[in-house]
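Please work through each task before consulting its solution.

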Amino acid sequence: MSVTIRHSAEFKRRILIISSNQENRDALTRILSCEYDIDCVSGGAEALKRYSETTAYALNILDLDLPDMNAYAFIGKFRSLERVGRIPIIAIMARTGSEARTLRAGAADFIRKPFQEEVILARCDRIIDLSVDQSLIRRAQDDELTGLYNREFFFEYVRQIEQNLENPVQDAVVINIEHFHLVNELYGRQFGDQVLRRLADAIRKMKAQMESIACRTDADSFYIYCKHQPDYEEIVRDLVRDMGSFSGSKHIRLRVGIYQNVDPMGEPEVWFDRAKKACDLIREDYTRNISYYDSKLYERTIYEEKLIRDIHDAINENRIIVYYQPKFDITGENPRLCGAEALVRWAHPEFGIIAPDDFIPLFEKNGLILKLDRFVWTQVARQVRIWRETYNISIPVSVNVSHIDIYDENLVDGFRTMIEENGLEPSMMHLEITESAYAEDSDRLLSVVNELRQLGFLIEMDDFGTGYSSLNMLSVLPLDVIKLDREFIRNMGRNEKGARMVELVLDVARFLKVPCIAEGVESEEEYSVLRKMNCDIIQGYYFSHPLTLAAFDCFLEKELRCSKRYTS
Ligand code: C2E
Ligand code: MG
Ligand code: MG
């Protein structure tokens, strides 16, 4: 890793000589100026002032006889300076006897009078080389923002420690800042950076007590590898208190996931995946900050590994099954079937029918969702064509589009092809995008959604009320339908406030001139209240559970017998 920029013709390094002795200054300038640019100042105060203006020096040569301050005090002060404090110092020793003290104070080396040209040049060259190498090493191992290790170096270091410990009993700890992107958005990136640095400082303070090493990864996650701690309550309480006193009213929530007594035969990456799993388990759970990886989580991990292993076969063997849940327009005198939502299930040979909440979030984490969703959408497009051919009706079906799908370069083309291949109009497929996706990387989402709308697809904002859209944002977001999350419907029956909230959302939808779908309507009472409130569309067990294709066909035929209104 040795880089000798010093000798490059285009780049001459600069040395600062700090001495009031003209004879010293002249002699050193003569010796060094063949290789270096030289500046001179006469005392400590002037040197410090120079460093407040520039960082351009590769080396200081310091006369220990300073006219204005004690040279050791100067070294201490200089070392504590941010950014420049690591620039090396070579001391000019007039007398013998204080070499050790000088080196201990922080000088990298010393030179003596009478000056010997070759020795001085060689020492300056060597000290500069060492400092360049050191800073390169530091850069390669450190996370620039926090000064903790970076991920690659951290894992390498963990492996080395593990090899050298005789009977390792160690823990893996993951600390995450909840909704960090919101902290950045609400209070600015600069504040976000301060939060990360403060947390890194707090972690550094724990180092000695826990015999730990730490790194930052994925922007707002911190990994700590430490000696086994029997109790984390107090450690985490201190951390939380520290962050609280720093952030004041800007609430910062920490989540801590811990995998204790890591399996020494396993891989460090797996230990931290496990700690992270524990950490993710308390996402949005404001009742606790700490979560341990335990046997339940272990079983869940094994289960998830099986799901990941089996998904490809499941798609090939038609075990991924699309259910359809009817949607009813309730604006007229009688409720009228106006569409359906496609909801996926997995008929697993070992686990039976698996609900999507069990595997969608998992596949969103590892990207398999792209394949799964593409499969579901293709089935749906084909089915809409079949219904049109069989019953001569057009039933628009909405499909769920994961926030991960938004990053798929082929998303728009894929939908276009699906529609064309089945001879459908884009308005026959509605795309449900969950509200929280709008907050993530809104530029990307907005451009994708705008493109899809231009093609004629309708966008339904799913789970409305669970994301973080501000009212202000809503007025500019591209959307055609709002789907009110079913929690609102649950709360509607609980108290007056709940009912009022639903009215408010309906007002918002009217203001935006888009229809509102109420999800999860289960009872006659909920249905009639929503009808009175002029809600447009209802989806829920009150009308029908999600149905298999065969059951939906029966449902459809029954509806068609009752009404002939859906002809295309
Ligand atoms: P979602 O898109 O909000 O779908 C509505 C969920 O509410 C469905 O759960 C549905 O079965 C359920 N539901 C409908 N009516 C009622 C009711 O009256 N009461 C109650 N308690 N629940 C009702 P499901 O099918 O388990 O799906 C859960 C979530 O999984 C969906 O929420 C959606 O986010 C996701 N999902 C389902 N299928 C797919 C898919 O093909 N692709 C993707 N990316 N996500 C999917
Ligand atoms: Mg949905
Ligand atoms: Mg929903």
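A residue is called buried when its relative accessible area is under 20%, exposed when it is over 50%, and partly exposed in between (1.4 Å probe, protein chains only). The model is predicted: local features need pLDDT of at least 70, side-chain atom pairs count only at pLDDT 80 or more, and totals for chains, interfaces and linings use all residues. Residues are numbered from 1 along each chain as its sequence is written, chains are lettered from A and ligands numbered from 1 in the order in which they are written, and side-chain values use heavy atoms, with hydrogens and water left out.

**Exercise 1.** Determine which residues of helix 14 are buried, and where they lie around the axis.

*Solution.* Step 1: helices (H or I, at least four residues) and strands (E, at least two) are DSSP runs, numbered from the N terminus. Step 2: in helix 14 (residues 411–421), Leu 411, Val 412, Gly 414, Phe 415, Met 418 and Ile 419 are buried. Step 3: these residues lie on the same side of helix 14, because they cover an arc of only 165° around the axis, taken from the directions from the helix axis to the C-beta atoms. Step 4: the face turned away from this buried side carries the exposed Glu 420 and Glu 421.

**Exercise 2.** Identify the protein donors of the magnesium ion (ligand 2).

*Solution.* Step 1: donors are N, O and S atoms within 2.8 Å of the metal (3.2 Å for Na, K and Ca); water is not among the atoms, so sites may look incomplete. Step 2: Glu 341 (OE), Asn 400 (OD1), Glu 432 (OE) and Asp 462 (OD) lie 1.9 to 2.2 Å from the ion. Step 3: Glu 432 belongs to strand 15 and Asp 462 to strand 16 (residues 458–464), so the pair ties together parts that are 30 residues apart in sequence. Step 4: both Glu 432 and Asp 462 are buried.
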